[in-house]
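Here's a quick briefing for anyone opening this one up for the first time. Have a look, then read on.

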Amino acid sequence: MKLPQLLSIRESLASRISVWIVLTVVVILTGTAYVGNHYVMKSIKLEENVKAFNVLGVVGQHLKAALITVEVAVRNHMDDIRENVNNPDALYRITQRMLEDNPVIVGSAIAFRPNYFPEQGEWFSPYSYREANTIKTKQLGSAEYDYLKMDWYQTTDSLKHDYWSEPYFDKGGGEMLMITYCYPLTDEHGNMTAVVTADILLDYITEFLDIDYFNHAYACMVSRKGTFISQTEEGIDLEDNFFELAKESGHPELIEVAQEMMDGKSGMKEWKSPVLGDSYIFFMPLQHMGWSTAIVCEASELFKNYYRSALVLLVLFICMLVLLSLLLRRSVHRLIAPLTKFTQAADEVARGNLQAILPTIHSKDEMHRLHQSFSIMQRSLVSQMEELKQVNAAKGRIEGELKAAKDIQLSMLPKAYVPTKESKNLDIYGFQLTAHEVGGDFYDYLVCGEKLFFCIGDVSGKGVPAALVMAKTITQFRNVVRYEDDLKIITESINKTTCDGNETAMFVTFFVGVVDLHTGRLQSCNAGHNKPLIVNNSAADSSAWVFEELPDKPNLPLGVMEDTSYVVHEKDLPIGATLFLYTDGLTEAINAERELFGLDRVKEHLKGGKSCKVLIEEMTQAVNQFVGEAPLHDDLTLLALKIE
Amino acid sequence: MIMKIKTYQLGKELDSFNYQQVQDAILAILENGDNVVLDMTACNYVSSTGLRVLLYSKKVAASKDLMLYLVGISEEVQDIMNVTGFDSFFDAFSTVEECLSAINN
């Protein structure tokens, strides 16, 4: 299979499904064929066994009939022989008649026991034989042809009844391979006087084995001693002994067959023949003779027809598989075609077209359910997108509102200070940075006549709630300082307003002060706020700086208790000294290592007698550097003022 | 009359991240009519939001004629309380035992 085709199998569901189904069919059919083959082979073997036995049975019947004609011919002449037993010349004629009567007999002799006829010498055996279509007669016994020592004579003498000899080559007699029927001639006392014989050629018997069986089968016939009487295969000498050949071959199956044949059994054996390969031997006894016949047949020959049918079936099977896979591919392809369209629709949805058209499904199967799920997904996506748009719009609105609120909050803080005639000796600068859009820190200042009012505050919490309270407090401060200059009254008034309706216990740490720009007299009230610092040159050493916290003891923050009495402190703010106010966003600024900025760092940056603007810008920069990448977690507000 | 008292233990910090949880817990105790002993031994930071929780709880308690006692205030938290002046607003003890014996006497 080419690579592109392989890839298409991996990427195409239709191909994969058809490959799996075809593979399953192949496995099932192969299994069935294997089992079927086993039983068919078995039944073919049985059938062939029966067929072979039939063939061998027929061979046996024919042979038996032929041999019986020989036996009958001999017996028929026995009375004649007895009558003429003292007339040697007549005996020649009897043997001659035997041949004339039965064309199967190629030679016949009446071999007398030694010196039966004293005038004839030791051997006397009238003998007729065939030569070139004529029957000739002669006396056979002589010193060269001493029949008395021959097997057939001695065996008949000892058996005292008729028998068929083993095959032998009649040297000096028939000069051919033959078997001989021997019949003992006895006198009135039962003593054997002669052996009457009838010879038939092994070639004649071989004709019976010319049987109509398979082409490559060969048959053989062995005597009870195992000598080949007849066989149809070249290369085996008829004088060989089957049992000895079997032993020499070393094939256990063959030895077993030989043993069973010798025991007069019938049967079938598989045998791996060196000549034929896998073969079968069918063997059967010839009861009449005590011989055995066998057919050896190539296994392939035996199953030839079956193999041919199996081949046709195999070709059909392969054709069917090819057809099946083509049909499957086609039909599965048609079944899953909507999947491709679903994929395209999904791609389109992914690109943003939520209304992508889905394939039409008419069936009620999984594809239908997929269609339903897909539609639900589409609808839900549309509604969620709509929701998302609304949420985004709302978020945008809130962000916009917060931005506006931030601007409003910034506008509540004082603008950059512009010195007036009365306040030209004043330096003041404030700065604020919120953690969120809006925050709860604030500062404010305003000059009323020769007095500067200023404040700084921090509302508890952050964000919008803190910002609302911050707006309320800073507005209240502005309003109150317009008509009141007593800090105690100012603070208590703002506290009352803050406590008013303060259900959620919001509170404000607040520091308010007023300084006389002429005298430097400072009054202050601290409502729970971080203590501001006064930074001044050391009186003793101009390069050293002294810090003073204001005041020792703070009051409660605003909004805690309505009837809190606020204590106001008074002191002088020396010329050139800087009053520095801050919220806890400064000292509690945290860096990535969770360290606090701390009061010591604050003090370090306060040194140097800088202008308020420079001081606060440097302080802000220092905090930003200290915090680094960490997010600002609280609002940061700084206010510095100085009287020159 | 024996005062009904429940002790609530604060964690390491009381700030804008956990104030809601602490506030709900304290209010639940007050709602049940019990006085609250807030054990702050483990706590070393209270933010302004945290202070608001203490203040709010104290106000709710007062409205129900109940008490909120602070116990085991650490040095860091004491600084914060001093700066804001809250130290004068709350009843504080150094240990829970001391607090309980003071209440019962």
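Axes here are lines fitted to C-alpha atoms, for helices over the stretch in contact, and angles run from 0 to 180 degrees between N-to-C directions. Helices are DSSP runs of H or I with at least four residues, strands are E runs of at least two, and both are numbered from the N terminus. This is a predicted model, where local features need pLDDT of at least 70, side-chain atom pairs count only at pLDDT 80 or more, and totals for chains, interfaces and linings use all residues. Residues are numbered from 1 along each chain as its sequence is written, with chains lettered from A and ligands numbered from 1 in the order in which they are written.

**Confidence**
- The model scores ipTM 0.85 and pTM 0.55.

**Two helices in chain A**
- The axes of helix 10 (residues 304–350) and helix 11 (residues 366–412) of chain A come within 12 Å and cross at roughly 10 degrees.
- That makes helix 10 of chain A roughly parallel (an angle under 35 degrees) to helix 11 of chain A.

**Helix 1 of chain B**
- B:Tyr19, B:Val22, B:Gln23, B:Ile26 and B:Ile29 are its buried residues, meaning 20 or more other C-beta atoms, placed from the backbone, lie within 10 Å of their own.
- They cover an arc (of directions from the helix axis to the C-beta atoms) of only 125 degrees, so they sit on the same side of helix 1 of chain B.
- On the other side, B:Gln20, B:Gln21, B:Asp24 and B:Glu31 are exposed, with 12 or fewer such atoms.
- Just after helix 1 of chain B, B:Gly33 takes a positive phi of about 85 degrees.

Terms used
Parallel < 35°, antiparallel > 145°, perpendicular 65-115°, else oblique.
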